[in-house]
Amino acid sequence: MRKYKIYVESGDEYDIAWLDGAELSTEEEADVILFTGGSDVNPTLYGENVGKHTSYDEDRDNACKALYERNRGKIMLGICRGSQWLAIMAGGKLIQDIKHPGTHVLYTEGKNYMVNSTHHQLMYPFNVEHELIGWAQKSPFHLDGNDQQVKMPILNGKAVEPEVVWFPKINALCIQSHPEYKGYPAARLVPAA
């Protein structure tokens, strides 16, 4: 089996332990660039005000932007904040406040999974080219930078909350949950609702 060389933004091998066939790499030799979890992303990067629940790290945003720019054309993988970062790089925006603590069901076309979830922001890819692979339907509110409710697409009477998204224009797979968390429920099958 071919090993994929992955450069991890955090530099931590822990962040790729869940990936079969992956090995930590230098940025220059990497096949894949992994953007990891952490602080919020500055809403001015996607044209919004800073909501009352948003707190960002400008130095990290600048470092991520430089890393992204240096590695255009490579496969990109985003986990939690990293998924949100890549959604913005693809031209999307974010829901600035949503409550997804603990675990929730991840819906796909065919199977449903129970996944961990600790994020309070969410990708909003509906204004750019994307493929929605998995979604949640958990939170009753989705706030923007003016702390106003954002209209989300509706499926079976509930809001569609993107959890796994492919952005073809930037070659990026984005995952809101944390598959790297040890001792936290990995994606496990649950009965279809």
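Which side chains meet in a salt bridge at 3.4 Å, N to O? Hello everyone, the pair is E69 and K65. By salt bridge I mean a side-chain nitrogen of Lys or Arg within 4 Å of a carboxyl oxygen of Asp or Glu.

A word on the basis before we go on. This is a predicted model, where local features need pLDDT of at least 70 and side-chain atom pairs count only at pLDDT 80 or more, while totals for chains, interfaces and linings use all residues. Residues are numbered from 1 along each chain as its sequence is written, and side-chain values use heavy atoms, with hydrogens and water left out.

Back to our pair. Both E69 and K65 lie in helix α1, four residues apart, about one turn of the helix. Helices (H or I, at least four residues) and strands (E, at least two) are DSSP runs here, numbered from the N terminus. E69 is partly exposed, at 34% relative accessible area, and K65 is partly exposed as well, at 36%. For those words, buried is under 20% relative accessible area, exposed is over 50%, and partly exposed is in between, with a 1.4 Å probe and protein chains only.

The structure holds seven salt bridges. Another of them joins E27 to R70, with the closest N and O atoms 2.7 Å apart. This one links distant parts of the chain: E27 is in the loop between β2 (22-24) and β3, R70 is in helix α1, and 43 residues separate them. E27 is buried at 12% relative accessibility, whereas R70 is exposed at 55%. Then there is K99 with D97, at 3.2 Å, N to O. Shared partners also join K65, E69 and R72 into one network of salt bridges.

Now to the strands. In a regular strand the side chains alternate between the two faces of the sheet. Look at β3: V32 and L34 point one way, I33 and F35 the other, and all are buried. Strands count as paired if DSSP finds at least two bridges between them. β3 runs parallel to β1 (residues 4-8), joined by three bridges, with I6 opposite V32. β3 also pairs with β4 (residues 75-79) in the parallel sense, over four bridges, and there the bridge partner of V32 is I75. From β3 the chain crosses through α1 to β4, and this β-α-β crossover is right-handed; that is, with the strands pointing away from the viewer, the path from the first strand over the helix to the second runs clockwise.

Over to β6 (residues 103-107) and β7, which pair in the antiparallel sense over five bridges. Y107 has N112 of β7 as its bridge partner. The hairpin has four residues between the strands, and G110 takes a positive phi near 135 degrees. Four of the five residues of β7 (112-116) are buried.

What about aromatics? A search of the whole structure finds one aromatic pair. The rule for Phe, Tyr and Trp (its six-membered ring) is centres within 6.5 Å, with planes under 30 degrees apart stacked, over 60 edge-to-face and the rest tilted. Y124 is buried at 13%, while F126 is partly exposed at 27%.

Last, the cysteines. How many disulfides are there? The count is zero, taking a disulfide as two cysteine sulfur atoms within 2.5 Å. The nearest cysteine sulfur to C80 is that of C174, 11 Å away.
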